Amino acid sequence: MPTVVKTIGSGGGRDYSTLAAWAASLPANLVTDGNSYEGDCYNDSEFTGSATLLTLSGHTTDASHTITLTTGPGQSFRDNANVQTNALNYSSSNGVGINSSVAYAGTISITDSNVFLSNLQIKNTGSHGRVLISEGTSLSIVMDDCIFVKTGTSAYVVAVSGGGQKIRNSLLLAAGSGISYILAGSLSTGVGMPDLYFCDLVAASDVGTPPIEAIHCVYSSSTVENCAIFGCAALSGGSTTITFTSCMTDLASPPAGVTGSKTYAKQFQNTTAASGDFREKAGADLQGSGTADGTNGATDIAGTARPQGGHWDIGCWELLISVTIVAADAWMPIALLPTQRVDQPVRIELIATQRGDLRTPLESLTILRSDRGLRVEDSSGVARDTAGRIEWAAQAVTEWRAATEWPTLLLRNLAATGEFTAALAWGAPISPEWMEAIATLLSADAVLQVDWSGLPASVLVSLDRLLTSPGKRRRLDTPGRLRLLKPL
Amino acid sequence: MAELLLFAWDHSTQSVPKPSLRQIAELPKRYDVVTAQPDGWRWGSAELGHPWFRILACPGAMETDIEPMLSPLLPERDMDDNPTTHWQYRGFYPHLGHQLVPADLQDWFCDDTRAAPRYVLPTPFVVTIAAIKTARSPIVIPHGGEH
């Protein structure tokens, strides 16, 4: 079916300057009209007002004649060049933002069926206001990759009920005090609440009165899968049968399908109302704890493909595994004791990409330089954490071997502490009597410098035990495998 | 003070097929204020040219005059909290068909060609927006639902 696409924004050349006008221009009956309609928002300025900014009601739609509100190319917070480092929260400087101070109503109100919202940031600051209201019998409303934030007091973040509704890969944030529920749904007989996939339902950790329940719904049944639910006084209430799958919360004794008693602050970058940043933290319990679901979570709210390194994270954020290698300025030489006598000094540079998820292979690049002009590159280092420790064996060029032991916990806390300890060992047929290894270790976020100050200025590492095995893989899972002999 | 985007289309008589009673209630009606923006607002090309819209600039209008015309008409409810009337798009509208409204303004509103995309109310004007603010009549939900 053809789709009529219109642009919405306050800049020159747009079809509509307001969401309300675009909605009012839709034909009453899209089915007989024969078209679907799409509004593409542009971030010329924030969409603001003190009334409901968008009402979608009274239209006849079906599965082939739909209404979509999304963003134009490059206009969403998801398209922002700094999406990986921007705080995950409402910010109209990051992309299209829709913000109303309306009280006792919604910033957006929908009773139409077959409506799709995506890539939007929507906020409500009014007392008893909602970010989005879709209460009634509307069917098949799907909200993907959105940020819903309510800062006013009372009421709900979103009130959504109907049938076949879904909220996916979205952040639903209660940042005001006394908000009753993050999601209120299924409050009338015969209508259900939306299914939730890969969502964060969170309340700022410093609000005066946290939400009574994250989810409150009375009728029907629902699926809540791969959702992070934190900061509320209770998980859910009402009589709706909710099937939780691979969810996580800070609450104790949650229902089946929800892992409880997890530390809120450990999961997200910042959980406060003023500085909330709900990007997942490296080392969060959410990481790799989700269930595979390519239908509802092929990409996360930032556009990152799932899974990363074979793991599905709970919530709307998927931690990146691979990062861009950047030049690090924190490094130090480590002197290594070789197993064979050599004639020529050789310098080794080790560049290891710390990928943020230590249960997946690390990548390394080894560059050997000697005064004989020799240059060997080895990019086949492999690291795995199979039992809480790191195994890193070299599958190097011919007879190269490499081994190291990286304390897992320190690595996992790297983003938080900025500290790191490691020992390196390298050997080669032409290895020098003293080799200098320069390790440049890059953090997962590519912004954290590795702090080597905790190490001695230089250490000696015995290679004799490391290199006795003829195999290309060595597992270093017992203390003392790397024996630090003495400082230089 | 404000520029009003008014709705000029009448779904109840002009849309084919005719929408249901509930849809008519929920859709914008003729004279409804779709949105209000500050003076000098840069309207989009469709807002300036679409035959369903009119832009009325009201330099003398107060925000308090406009605000009620941007809110919906909520349903009335019975003792059991069941709605007896339909939710409507707006509770009040500026009745530009009112007998006090000058003929040229009425003519402008009826011009679907939108030869003049905007109409600026002179200040002072013979009538004010507040004076022609009119309440929408409730639309009763038939017993047993709509047939």
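Modeller: A residue counts as buried if 20 or more other C-beta atoms lie within 10 Å of its own, exposed if 12 or fewer, and partly exposed in between, with C-beta atoms placed from the backbone. The model is predicted: local features need pLDDT of at least 70, side-chain atom pairs count only at pLDDT 80 or more, and totals for chains, interfaces and linings use all residues. Residues are numbered from 1 along each chain as its sequence is written, and chains are lettered from A and ligands numbered from 1 in the order in which they are written.

Biologist: How many residues of strand 7 of chain A are buried?

Modeller: Five of five, over residues 106-110. Strands (E, at least two residues) and helices (H or I, at least four) are DSSP runs, numbered from the N terminus.

Biologist: Which strand does strand 4 of chain A join?

Modeller: Strand 4 (residues 54-56) runs parallel to strand 7 of chain A, with three bridges; pairing takes at least two DSSP bridges. Thr55(A) is opposite Ser109(A).

Biologist: And what stands opposite Ser109(A) in strand 10?

Modeller: Ile133(A). Strand 10 (residues 130-134) and strand 7 of chain A are also parallel, over three bridges.

Biologist: New topic. How many residues of chain A are in contact with chain B?

Modeller: 20, against 25 residues of chain B; contact means C-beta atoms, placed from the backbone, within 7 Å. Helix 1 (residues 19-24) of chain A gives the largest share of the chain A side, three residues.

Biologist: What is the mean pLDDT of chain A?

Modeller: 72, with 65% of its residues at 70 or more; pLDDT is the predictor's confidence in each residue, from 0 to 100. Over residues 322-488 of chain A it is below 50. Where pLDDT is low, the predicted coordinates should not be read in detail.

How values were computed:
Contact = placed C-beta atoms within 7 Å.
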